[in-house]
2 protein chains.
Amino acid sequence: MSRREPADPTHAGATADGEASVPPPSGPAGSPTLEQVAREAGVSLATASRALNGSTRNVRPEYRERVLAAARRLDYSPNLAAQAVAKGGSLTVALVVADITDPYFSSITSGVLHAAEELGLITTLAITERQPERESVLVRVLRGQRPKVIIVAGSRTGSAQDDELAAELAAFGRNGGRVALISQPSLPFRTVDIQNGAGAAALAERMIQLGYRSPAVLSGPAGLATARERTAGFVDTFAAHGHPVPEDRIIPGEFTRNGGFLAAEQLRRRGLSDVDLVFAVNDVMAVGAMVYLRDVGVAVPRDVAVAGFDDIDSLRDVTPSLTTVALPLAQIGRAAVELALRDDEDGADPARLPIEGAVMVRESTPPRDAP
Amino acid sequence: MSRREPADPTHAGATADGEASVPPPSGPAGSPTLEQVAREAGVSLATASRALNGSTRNVRPEYRERVLAAARRLDYSPNLAAQAVAKGGSLTVALVVADITDPYFSSITSGVLHAAEELGLITTLAITERQPERESVLVRVLRGQRPKVIIVAGSRTGSAQDDELAAELAAFGRNGGRVALISQPSLPFRTVDIQNGAGAAALAERMIQLGYRSPAVLSGPAGLATARERTAGFVDTFAAHGHPVPEDRIIPGEFTRNGGFLAAEQLRRRGLSDVDLVFAVNDVMAVGAMVYLRDVGVAVPRDVAVAGFDDIDSLRDVTPSLTTVALPLAQIGRAAVELALRDDEDGADPARLPIEGAVMVRESTPPRDAP
DNA sequence: CTGTTAGCGCTTTCAA
DNA sequence: TTGAAAGCGCTAACAG
C-alpha cells in the first residue's frame, strides 16, 4: 500500500510574526491546540475559539476563514475534555447495559447511539455483565465524565442494589445531570417503562383463546423485576381464567439461551406430561428451551407449544417461528435519550414513558383443540 | 417505593475555618470539586488530590482518611475531563464498529469492553451504520476525546476511504494516541489481522474432501475486503483443485440476514440446478440463505449444503446446524486493546496479530457421495 | 509529607 | 467584532 505520513509539505514558512520557537507541527506529541491555531491564523485565542466552536455570526468572515484554514492546516481537533471542563459538562451520554452481546441490549444500544449521534452526543458504554450490583459502581465511574445523560437499561431488582443505584443517580441529577432508566418505574427518575406485566397478560389471554390450559413458565432470574413481572402477568391471567399454574410449573433460570435450556430440562424432569405450553419470559430462553425439547424428542409445537417475549429480530428465523410479545427495542433506546433530555418539568413526578408490547402469534403456538 | 433524596443529614456544621459563603452541598448545581473536598477535610488541594488519585504512600494516613471521609460526605466524583486536560489525555478507549446489532460486532465490542474495564479504561462507542466512509468522520470526532486508544473494527475497502481513515488515525497517532485495527493489515497501524482468506480456503478444502464439487458463493459486499478475501480464498481453492467456480455463481449482497436471503434468491433465479454447496461469506447471510431455501422448498442439506463464516454463537441453534469457520470474536476485541497498548516498538513495521479461523463442520454440510 | 503555584486547553465575561 | 484575562477542576513540579 502506498501510505506514508504525508510529511506535511504545506507550511514551509513561519507565520507573520517571527515566533520561531514553537513550530506547531513538529512538537514531539500532543495535538495542536487552539492557541496554535490562533497564532497560525494571526488572531486571538478568543477569536479562534469563536470561529471554531462559538455560536456563529460574531466573527468577521475573513477571520473565520483564516481560522478555519489554519485549523485544517494543522489538523486541529478540539479537545473535548478541555471544552467539558471549561463549559462544565461534556456532550456525552453514558449507557449502562447488562450484556452487549444480548440482542435485547444491543438493539437498545443501537437506538441510543442513533439518537445520541443525531444530537451530536458521544456515547460511552459500560456493561454490568448481568450483575445488578455493578450498576451503581458503573454509574459512579461514568459520572466522572460529567455526561449530559446517564441511561441505565436493565431490570430493577427491588433490593438494596436499587437504592445504591438511586443514590448514585440522585447525586448525578443533583449536579445537573439528566437520567433515564429503561425498566420499571420504581425509582424516582424518568423511565421508559416497559409494560412487562401487561404484555405477558395479553399473551396469556391469546394463549387461552387458542385453547391452552396448562402452561409452564420458565421464569428467568428471580431477582429481576422484569422476570417477575412477566411471570406474574402471565400466571395471574391464566389463574384469573380458572387455570391456576402450579408452583412447580414455574421454573427460574438465567436470562440466556442456556438458562432456557436448563430450565426446560428441569421442567421435563418434573414431568411435563400435561403441560401444553411453555412460556419462557424472554425469546433467548425460549430458543434454548426449544433446542432442549427438540434434543429430547419433544416436538414443538405438536407435543408442546412455546412462547417467548421481546421479539428479538435475529431469532425470527427459528423453526417453528416463535410466538412472542414484540418490543420496539431500538425505539426504546432512542426514547430513553429523548426522555432524559426533555425539558418540560410539568408533572411533579418524574416522567414515565410506558411502552406496550404487541403479541405476535406464530407457528410455535398453533390453535389447540379443546381437550 | 421508599426512596427520597437522603437530604444529607451529615454535615450540619461548617468546616473549621469560617468560610460561610460557599456551602458545598447547597450550590445550585455542579458536582463538588476537589477544592471543596480539600476545604471540607481541612487540607490543601494538592493533598486532597494525592489522597484521592495520586500514587499512594505519599500522604499521611490521617490526612488521607480525612480526605476520603470528606469526599464520601460530599459525594465527590472526580471530574475525569479535568483530569484529562490536566494530565493531557483521558483514560478512554474509543471503538468504531459497523453495526452494534450484528453479533459479529457486539461480540468484538464485548471483548473490548472487558479488556478496557480491566485496565480501568472507559469505552466510547460509535457506529458507522455500515457506511465505511463514516469511519474517518467518527474517528475525527472521537479524536476530540483524546482517548488513549482508538480501535476501528470493520473491513478495509481498499478505496479512498481507507486513506481518509489512515490520515485521521495517523494524526491521532502522531499526537500520542494508540491505534488498533481489526480487519486487514493494509494500513500502517497495528492490526488484528483476521485470516479470512486462509479460513475460507481451509473451509473449501474440507468441503472438497467431503465431496462437494460445484459451489456457489454469496460473496457479500463487493466493496469490503473481508468479503473479497473470503470469497477469493474459497473460490481459488476450489479452482486449484480443478473445480473452478463460474462467475455467475458468485453473488454479492449485504452482510446481513436479508443480504443472504436476497442473494440466495438471486442464485436460484440463475438456476442452482447442479450447485451442491452454498457458501455464504458470513453466518448471518448463511442463515438468511437457509431461510430462503427452506421457503422455496429446497431442503438443506439434502438438496443443497450451506456453509457460513464467523461461527456466531447465537446462531448455533439453527437447524441444520451450520458448518462455518469459527472466529474468537470476543478474544479479538480484547486482543485489539492489548495490541494497541503494547509498548514494544520492536519491529519497524506496525505489529500484526494474525487470528486464524477454525473450520467447524456440522450438519449443514454432510459428506457427499461422489457423483 | 504538605502546601503553593503554575499550568492543561478551552470558554466566556469584560473592556476596548 | 475583537482581545485580554479570568476562570473551569485537576495535576505536577517546586519549595518548605
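**Ground rules.** Residues count from 1 along each chain as its sequence is written, and chains are lettered from A and ligands numbered from 1 in the order in which they are written. As the model is predicted, local features need pLDDT of at least 70 and side-chain atom pairs pLDDT 80 or more, while totals for chains, interfaces and linings use all residues; side-chain values use heavy atoms, with hydrogens and water left out.

**Extent.** I looked up the contact (heavy atoms within 4.5 Å) and got 63 residues from chain A and 61 from chain B. The buried area (accessible area, 1.4 Å probe, lost on putting the two parts together, summed over both) comes to about 5,200 Å². Carbon and sulfur atoms give 47% of that.

**Salt bridges.** I took a side-chain nitrogen of Lys or Arg within 4 Å of a carboxyl oxygen of Asp or Glu, and the rule finds eight across the interface. I noted one of them, A:Arg143 with B:Asp75, where the closest N and O atoms are 3.0 Å apart.

**Chain B's side.** Helix 5 (103-118) gives the most here, with seven residues. Helices are DSSP runs of H or I, at least four residues, and strands are E runs of at least two, numbered from the N terminus.

**Strands.** Where do the chains join by strands? I found strand 2 (residues 122-127) of chain A running antiparallel to strand 2 of chain B, with three bridges; pairing needs at least two DSSP bridges. A:Thr124 stands opposite B:Thr124 there.
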